Each structure stands twice: as structure tokens, then as C-alpha cells.
Amino acid sequence: MPRPALSRRLRLGGAAVAALITGTAVFGIGQATAEHSVPRTDKEIPNLTQVQDKIKAYYGDTVTADGQHYASPDSNYARQVRGIEAKARAYLGKALAEKRRAGDAKPAIVLDMDDTTLLTYNYELQVGFAYTPESQDTYLESTDMDPVFGMNRLVNWAHDKGAEVFFLTGRKEKQREWSVRNLKNVGYGVPLDRTHVYLKNKENPPPYLPCGAGCTTTEFKSGTRKHIESLGYDIVANFGDQYSDLNGGYGDRTFKMPNPMYYLP
């Protein structure tokens, strides 16, 4: 999904990354958030190298012989993700059973893509956390991202239990083919056609979004969820790694996935 460059991401997320260095829990699980105060001295600014080292340690950085970086399934990141997934599975088991008994609107789940269902860690390390649209295009065209640990199994299980699955991402419409290929290749065995995968189309925004090409992330995502519900679905759960993925309503419950690498307003 489109993101600001590293300097802005780390400046916006300064308080969050400072918590990584000090070990304090000043924010919610996995929260990357904006810090708007101007530092009075250099001591209030986290050291960039230390922040990156902390992020690598959190993900259990594993480097292959060809220099690719991957997160470890034994990392603290993976443990945190598994805890969130366990809560989601318990909730969905009850919610979907209730929907079946009541015969209400068709139940659905909505999921963001980057760092919710697909893990960007290798890409972020490859570009030194310095996202550009060009580097993302090059990466996505040729490389599949790993699934976020366990999310493919959770999504397939929810679909088997009767939930319609929708992917809602800020990735560009141009990246659709690469994104769908990636989801298929890493085990998301759910429908991945245009009615189930929503990408951001600034050139031809859909008529159900009043904000058109100028939508903020929250407007784009909440407006699309509203559209999905207008089709007769009840979104019982909404998953995202950014609060802008989750804000704006149209979802019975939200699940915040951890991501200390960048912040998207």
C-alpha cells in the first residue's frame, strides 16, 4: 500500500519507536502512531540505527544465503500475531454460528493486505525501510511476500465456516494481478475476483465513494466497507495493521495486527 518515505514514517511514529527502545508499553499492541511534538533536544529523538535493530530483533530477522530477510516463526512478532489470531478465531466461531442460526445478513470478514495478510518485512529490509512506489512495483511484480504467520489458515477456516472474505487494500489498481497472484501462491484459498479484492483506483474511483480520488485511507476503507454491507453482507470482523484500516465503522469488531515498521494516517 502506498506509504510515506522513511523520514516521515519514523518522524510520525517517533513515540512508538521510542517505546521499542525503552521497552515501555505506552501504546496498544502493535500500534504505530503519530507524535506531533517538536523535540527540544536530540535526547528526545530515538536513534535510527537502534530503532532498526529493535525492529529486526522483534521480527526475529533471518537472512538467507542470497541476502533475503525473513521474519522468524519463533519471533516475538509471530507470537503476538498468534495471540491475536486465537482471539479472532474464538470470536468468529461464535459470531458465525450465531449468524447461521439467526439467518441474518450474510456474514463477512474484511482484511487489509500489507502486514495484515501479506508480510512486507523482506521488502522493507530490501529497501532500507525507504518505501517508494517504484520499488514496491518492482518487488510486487517479481516477488511473492510471505503470508502473515497463520493468517492464511485463519482466513480459509473462516471461509469454510461461512464467512465471505473481502480484501481491502490501499495498493494501486495497477498492482491487482501481482497481489492476487501472491495471495493465491501463499495459500489464501478464497475467491479473489474483483468482487472480493478492492484496490485503490485513483484514475477511476468507484461511484460509491463520494470523496473520489481524494479519499483519505479511512474514507476509502470505511466507504468501501459501507458498500460491501450495502450488498447484503454483515461485516462481523475487520482486520488491519493501521488504525486507518479500522476506523470509520462498518464492522462489528476490529482486530489490530502489529506493525512497528511504518505509520499510515
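## Basis of the model

Residues are numbered from 1 along each chain as its sequence is written, and side-chain values use heavy atoms, with hydrogens and water left out. In this predicted model, local features need pLDDT of at least 70 and side-chain atom pairs count only at pLDDT 80 or more, while totals for chains, interfaces and linings use all residues.

## Overall make-up

The protein holds ten helices and seven strands, taken as DSSP runs (helices H or I, at least four residues; strands E, at least two) and numbered from the N terminus. Of its 265 residues, 51% are buried, that is, under 20% relative accessible area, with exposed meaning over 50% and partly exposed in between (1.4 Å probe, protein chains only).

## Positive surface patch

A patch of positive charge on the surface gathers Arg-79, Arg-82, Arg-89, Arg-100, Arg-101, Arg-153 and Lys-161.

Arg-89 lies in helix H4 and, at 35% relative accessibility, counts as partly exposed.

## Helix H7

In helix H7 (residues 151-160), the buried residues are Met-151, Asn-152, Leu-154, Val-155, Trp-157 and Ala-158. Their cover includes H4, strand E3 (106-111), strand E4 (164-172) and strand E6 (233-240). After H7 comes Gly-162, with a positive phi near 110°.

How values were computed:
Patch = residues over 30% accessible without salt bridge, like charges linked within 9 Å, V, L, I, M, F, W, Y side chains within 5 Å. Areas by Shrake-Rupley, 256 points an atom, 1.4 Å probe, with all protein chains shown as cover. Salt bridge = Lys/Arg side-chain N within 4 Å of Asp/Glu carboxyl O. Lys, Arg positive; Asp, Glu negative; His and termini not counted. Charge placed at Lys NZ, Arg CZ, Asp CG, Glu CD. Contact = heavy atoms within 4.5 Å.
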